[in-house]
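Here's a quick briefing to read with the model open in your viewer.

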Amino acid sequence: SILVIPFFVMADDTSRKFSNLGLGIIGTILAGVLALNFFFWWRVVKQEEIQYNLLDGTCKLESSEFQDGWKMGWSYPAFGPSWTDVPCTVELQVSSADLSGRTVLHFTFKQGLVWNYVKDSCTNLIPEVKEGSFACS
């Protein structure tokens with residue numbers, strides 16, 4: 001059997017009246033598209049605010065202890081580059097601003113055609129910056 005959802009009902013030969021179900025479906029799809037658009041623009045504005053408030057400095061890890069954060073994968077559609085944002089909560093000292101304390105250190109791990117979910121972790125990325133100081137913002 002085939003499910004047919006009428007978007008409009010013929011009242012007579014000269015007028016058309018849209019059905020409530022059809023209008024509800026169209027309204028829900030439109031609201032979903034608008035909500036998704038709002039969500040993506042909110043992310044763009046939030047990221048621009050974060051980037052604007054960054055300060056350049058030199059950082060050094062005060063401890064080898066860390067806490068893994070929630071990784072997020074990013075990719076351009078179809079044929080663009082892919083990467084993972086890997087947040088790690090660490091004890092960090094920033095020398096240019098004379099600040100120290102617990103903060104989230106974000107690593108950008110470039111991915112290939114097949115994503116590497118093993119090496120894009122704090123366990124593998126923290127030892128690379130543990131020795132000495134490194135540039136940070």
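When it comes to lining the largest pocket, β6 gives the most, with 10 residues. Keep in mind that this is a predicted model. The chain has 137 residues, with 2 helices and 7 strands.

**The largest pocket**
- The space inside the largest pocket is about 1,400 Å³.
- Besides β6 (99–111), the elements that give two or more residues to its lining are α1 (20–52), β3 (57–68), β4 (72–75), β5 (82–94) and β7 (133–136).
- In total, 40 residues line the largest pocket.
- If you want to look around its centre, the lining residues nearest to that point are Gln47, Ile50, Gln51, Leu54 and His106.

**How the strands pair up**
- β5 and β6 run antiparallel and are joined by 13 bridges; across this pairing, valine 86 sits opposite phenylalanine 107 in β6.
- β5 also pairs with β3 in the antiparallel sense, over 6 bridges, and here cysteine 59 has valine 94 in β5 as its bridge partner.
- β4 is another antiparallel partner of β5, with 4 bridges between them, and methionine 72 stands opposite aspartate 85 in β5.
- The hairpin of β4 and β5 has 6 residues between the strands, and one of note is alanine 78, which takes a positive phi near 70°.

**Tryptophan 115**
- Look for tryptophan 115 in the loop between β6 and α2 (122–130).
- Is tryptophan 115 buried, exposed or partly exposed? Its relative accessible area is 23%, so it counts as partly exposed; the cut-off for buried is under 20%.
- Leaving aside residues up to four places away in sequence, tryptophan 115 touches Gly73, Trp74, Ser75, Ser82, Trp83 and Thr84.
- Tryptophan 115 and serine 82 are 33 residues apart along the chain, while their C-alpha atoms are separated by 8.3 Å.

**The chain as a whole**
- Reading from the N terminus, the elements go β-β-α-β-β-β-β-α-β.
- Buried residues make up 19% of the chain.
- The accessible surface comes to about 11,000 Å², and carbon and sulfur atoms hold 62% of that.
- Of the contacts with a separation of 6 or more, 50% are between residues 24 or more positions apart.

Note on methods
Residues numbered from 1 in each chain as written. Predicted model: local features only at pLDDT ≥ 70, side-chain atom pairs only at ≥ 80, totals over all residues. Heavy atoms only, no water. 1 Å grid on protein atoms, 1.4 Å probe; cavity = no way out; pocket = protein on both sides within 12 Å on 5 of 7 lines; lining within 4 Å. Points joined across faces, edges and corners; volume = space filled by probe spheres on them. Buried < 20%, exposed > 50% of the residue type's maximum accessible area, 1.4 Å probe, protein only. Contact = heavy atoms within 4.5 Å. Areas by Shrake-Rupley, 256 points an atom, 1.4 Å probe, with all protein chains shown as cover. Pairing = 2+ DSSP bridges.
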